[in-house]
Each structure stands twice: as C-alpha cells, then as structure tokens.
Amino acid sequence: MYSPQIILEAALNGLMTGAVYALIALGLTLIYGVLHIINFAHGALLTCAMFAVWIAWAALGMDPYLAILPLVPLMFVLGYGLQRFVIGPASHGDDGNILLVTLGLSIVLENVLLAVFQSDTRTLDTDYSFQVVALGPLLLSYPRLIGLGVAVVVTGLLWLVLNRTDTGKAIRAVAKEKLGANLVGIDVPHVYAVTFGLGCACLAVAAGLLMPTFYVNPRIGGAFVLVAFTVVVLGGMGSLPGALLGGLFIGVVESLCGLFLGDSLGQIGIFLIFIAVLLVRPTGLFGAKA
Amino acid sequence: MTARDLIPIGVLTVLAALLPLVVTSSPVLNFLVFMLIVALGAQGWNILGGFGGQFSFGHAAFFGTGAYVTAILQLRYGVNAWAGLVLAVAAGAAVGWVIGFLSFRSGLRGSYFALVTLAFAEVFRILANAASFTGGAAGLLIKLDVRAANLQFDDRAVFYWLVLAFVAAVLLLTRWIQRSRFGAQLVAVRENEDAAKALGVNSLTVKLRAIALSGGVTALSGCLYAQYFLYIDANIAYGSWISVELLLAPIIGGVGTVFGPVVGALTLHGLGEVAKQFAGRIPGIDLIVFGGVLVLAVAFARGGILGLLERLSDRGRGMVTRGPKEVSHAGR
C-alpha cells in the first residue's frame, strides 16, 4: 500500500501539472467558445511555442520565464494571422471544413518542425529546474509551483479582458450572436482573429512554464492537445473557470492513475473520463449552457 | 445497379490488375499494395464519413482491431489466416457497432463525434501498448511461412491482386449503397437529420448500420496490412496517424463518392513519393505535402479531385457551374 504522504504528494504534483494543462485548455476553450470550432492545430502551435522558448534559451541565453514576455505578442500575431488569412478564408464558414483546415495546418507545422529540428528531443536546464520547496513534510517542485500560480493569474487576466474591456465585450457579443454583433458594427472576422490570437498567446505562457521541467520534440504537442480536449470537454466547452478547474482535476487524475496503474496505463484514466463525459454529459461537468 | 454502374468499376479493376505484368520491381509493388490497403481503409471511412456525414477522427480503432485480431488468432490460437480475416472483419464491425451505439445514442455529432472516436482509438492504443496479450510495446511479429493458407505468397503480385479484389468488391458495395434505399436514408441523415426523422427514417439504425459496415471494411484493411507487413505494434495499428490518413484520402479524392477514396489515396501517396524524390532526406516532407494538399482541397475544391473534375467538365459542356456544396454531394 502507498502511504498517505506519497498519495498526497502525487495529488499535489498532479495539481501543478494540471495548471499547465489548464493554460493549454484555456486557449482551446476560448477559441471554441467564440468560433465554435475545435482547433486541431493547437498542439502543433504549442510545439512551435516550446521550440521558440528553447531557441531563446539556446541562442540568446534567455530565461524561459523571461522568454514568455516577447513570445506572448509573437504568438498572438501568429494566431491572428492564421485565423484571418488561412483558416477563415479556407473554410468558407463551415464547421467541418474548419476542423479539416486546422488538422491540415497541424500536419504541416508538425512536419516543418520535424524537417528543421529532426526528431531529437531537446531540453534546457536552469538553476531552478530541480529546486524543491518544502511544505511541512511535503516536497513540491518549485517550477511547477510557479506554473500553478501563473495559470491562476492568467485565467484571471483573461477573465478581466473578456468582462471589463470593449474588445472583450465584442468577443462575447460575437460568441452569443454573430449576426447581431455584425449588425451593430462589430467586425466579426477581426474578432475571430483576435480570439484565435488570444488562444495562441495562452500557449506562449504554457510553453514558457513547461520548458524548465519538460522536453520538446516535434511531436510533443499531440500528447498535450488530447489532454487539453479532455479538459475543455470536462469543463464545459467555452467556459474559462471550467477549463481551469478541469485542468487541475485532470492533472490529479493522471498523476494518481500513474501512481496506481503504472506509467504506461496512466493516461487511460483521462480518456475514459473523456469518453464518459462526452457520452453522459457533453455540456461538461462545470458547463451550464447547452 | 445498372451496367453503367458496373462497367467503370470493372474496367478500372482489370486495368489495375494488369499492372504487375508491366511493373515487376518490388519497391513499386510494395508501394502499390500499401496504397491499396490505405484506399481500402479509406473506403471504409467514406461509408460513414462520406455518405453518412459522421466525420470520425478515430478509424484507427477499426484498423487496429482488424490487424490485432488476425495476428493474435494466428499466433496464439493457430487459426487459419483466411478464417482470421473473416473474424477480423466481424470484430471490426462489432467494435464499430458498439462505438456507434454509445455515441449516436447519446446524440453526439459533428465535432463531438470526431472527439469521441479519437478518444476511443487512444484507449485502444494505450491498452494494446500495455497488455501482454497483444505483445505490449514490442508488438507482434507474424512468422514468415509462405503458404496460401497463411495469406503469404511467393510473388508480391498475388497479394496485390488479392487487395485489389477487395478494393473492387468494396467499390461495388459502395455503389450498391449509393443506389439502395439504405444509402438514400444515410444521405438524408447527413443532409438534415431532423428532416429525415420527420420523414420516418430511423436515424439511429441507419447510422449504426453505416458505422458497422465502415468498421468492417476498415478492419479488413488493417488485417491485410498485418498479413502483408507481418509486423504490428500499438502505434502502427492504433496510432492517430492512420486515423488521419484514412480521412485524408476521401476528403482529397472526393468525399461521399464511390471512387473518391481510391483517387485520394493514389494522389496523396503519389505526391508523397514525388516530394521524397525531390527533397531527398528531409524527414516528414511527404507529410508536409499531405497537410498542404488538405488545406488547399478544403479551400478550393470542396468536392475533392472528383468534384473539381466534374465542375471542369460541366463548364466545358457550357453548363451552369454548380456551387461547391452541390458538387460535393453529386453522386459519382
């Protein structure tokens, strides 16, 4: 049997991993909430951001947390451009098409990265990668603790943007009623692109938080994006607090499943929850609206 | 079905069957066999996704089931490979029916259906990767024992003809579906499920029949893959790439058409090979082409290559150009 301390430590570590899942899911759920599309390119875009953090560290010696600052606007611009000039025009406004275009984009991005960086796995090391913080008898990883804090702050900021700014108002208006928003003079394609950009900017933050303790290779995004889908569905598609809570919950589930079932079966708990939620309550555990 | 339905399928099959008499090089035959196996699996996807409008992102669940069932039956229980093939198809159909029953009964469609199929395939992949019964991460190796009873032949061409025969049979099946009452109901469900229900179509039964057929055909392709390459592991059989590949071919070729999946598989893999020839050793170059072609096809040719050809020939005859939406639904 496992001692309570090991289980508690695993749960807390899972909670902190879950914070990063939540950040990734935050972008996904925002894009879903407004554009009503599932962005299959989300994983590949995360991989791009992670490589950018790695390059900033390897070429410029930049701290991964510091690299978040220039990367956020960069990813925003990339996301804005992709939606405005590729996904939007190519999909003719049909949901099935958007799914396929983002899938095509993810294949291209992933394999361009593969062509440039080969399939090697890359890591970066910082002074604090393996630092731990003692909380009573529990030892918590310092970078992961930072991740948890930043994830909560970013969710709060995003909530403020959506609820307290004119842009946020426009985004919510488009999410609720596209035609009506257009009638009152909101530039819908622009709002779509801004939303997509914000979703990608979340990935920049997630990438900076991941890199001190994780590795990057061209295929890494796929693993995260499946988890992020689960989080989004669990939290209720389009719900920001749902994404945060769902992310934390999934992190704990993964960590505990890994502890009890072993590494190779650890992720199965996530997918079973995913299927169960989709089948029983597709609006999500925290999502109120249908 | 009329003679006009059968003749194009017959002529193309005979022409394709003559190929090994001209081309004898092993790499080319390997390429053709693999391409046909992909085409066969894509035909399975097309029954559900093309005619039924239910876009699955997890057809690997059926492909892998076909591959694993045939390999396990042969290795662990010494079942004859042909009997194994039949059982693999049955298993694929059963898995399809169960996944369909669970998801369609809950009313999942569109993006939600895509996600749930993806998750089912992932569950299968993780299980197959972890269980010792399926060979775990090391995979399963089918012994080389060249006998017709083992689906192993001296000459690669024989296997090519076998796969071609299955592809032709599924072309006929698809043509039959298109002309049958069942096919009409399936298309009605795709176009407007509520309207179809109002007209008395039992949409759940229709979709279940489609996903079972689809699962069976795709399992057949998985089974042939295992028997030809004699090795499978969880990432090959249940990996997300095979799901993507089975969906790419019909989308590129012409979704919801009889020949679309075959045309798409041929085009994609042809382009992939050309890209590899030109770009040499750059890894993933063929996949970059696949992704680019997908985006372009969705942007400019919604009915795929066949839809594009049809629009061109209509324009040539001076007919009114049809919109992309209509072209994609034209029966071909």
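Predicted model: local features only at pLDDT ≥ 70, side-chain atom pairs only at ≥ 80, totals over all residues.
1. Two strands count as paired when DSSP finds at least two bridges between them. Strands β1(A), residues 132-135, and β2(A), residues 138-141, are joined by 4 bridges and run antiparallel. Who faces whom? A:Ala134 stands opposite A:Leu139 of β2(A), and A:Val132 stands opposite A:Ser141, also in β2(A). The hairpin these strands form leaves 2 residues between them, and A:Gly136 takes a positive phi there, near 60°.

2. On the α10(A) side, the contact is made by A:Ile250, A:Val253, A:Glu254 and A:Cys257, while α11(A) brings A:Ile268, A:Gly269, A:Ile270 and A:Ile273. By class, that contact has 6 nonpolar residues, 1 polar and 1 charged.

3. The axes of α1(B) (residues 3-22) and α6(B) (residues 156-179) come within 10 Å of each other and cross at roughly 170°. These two helices are therefore roughly antiparallel. From α1(B) the contact takes B:Asp5, B:Ile9, B:Thr13, B:Ala16, B:Ala17 and B:Pro20; among the residues on the α6(B) side are B:Tyr160, B:Trp161, B:Leu164, B:Arg175 and B:Arg179. The class count for the contact is 11 nonpolar, 1 polar and 3 charged.

4. Now for the records. An unreviewed UniProt entry lists "transmembrane region" for several spans of chain B, including residues 6-24, 57-75, 158-177 and 287-309. How much helix does the model put in residues 158-177 of chain B? That span is 100% helix and 0% strand, with its end C-alpha atoms 29 Å apart. For residues 57-75 of chain B, the end C-alpha atoms lie 30 Å apart, and the span is 84% helix and 0% strand.

5. Next, the place where the chains meet. Here 34 residues of chain B are in contact with 36 residues of chain A. The largest share comes from α5(B), with 12 residues. Sorted by class, the chain B side has 24 nonpolar residues, 9 polar and 1 charged.

6. Finally, how confident is the predictor? For the complex, the predictor gives an ipTM of 0.86 and a pTM of 0.89. Chain B has a mean pLDDT of 89, and 95% of its residues reach 70 or more. Which of its elements has the highest mean pLDDT, and which the lowest? Helix α9(B), residues 203-229, has the highest at 96, and helix α15(B), residues 324-329, the lowest at 42.

Terms used:
Residues numbered from 1 in each chain as written. Chains lettered and ligands numbered in written order. Contact = placed C-beta atoms within 7 Å. Nonpolar A, V, L, I, M, F, W, Y, C, P; charged D, E, K, R; others polar. pLDDT = per-residue confidence, 0-100. Axes fitted to C-alpha atoms, helices over the stretch in contact; angles between N-to-C directions. Parallel < 35°, antiparallel > 145°, perpendicular 65-115°, else oblique. UniProt positions renumbered as here; feature names shortened; annotations may be inferred.
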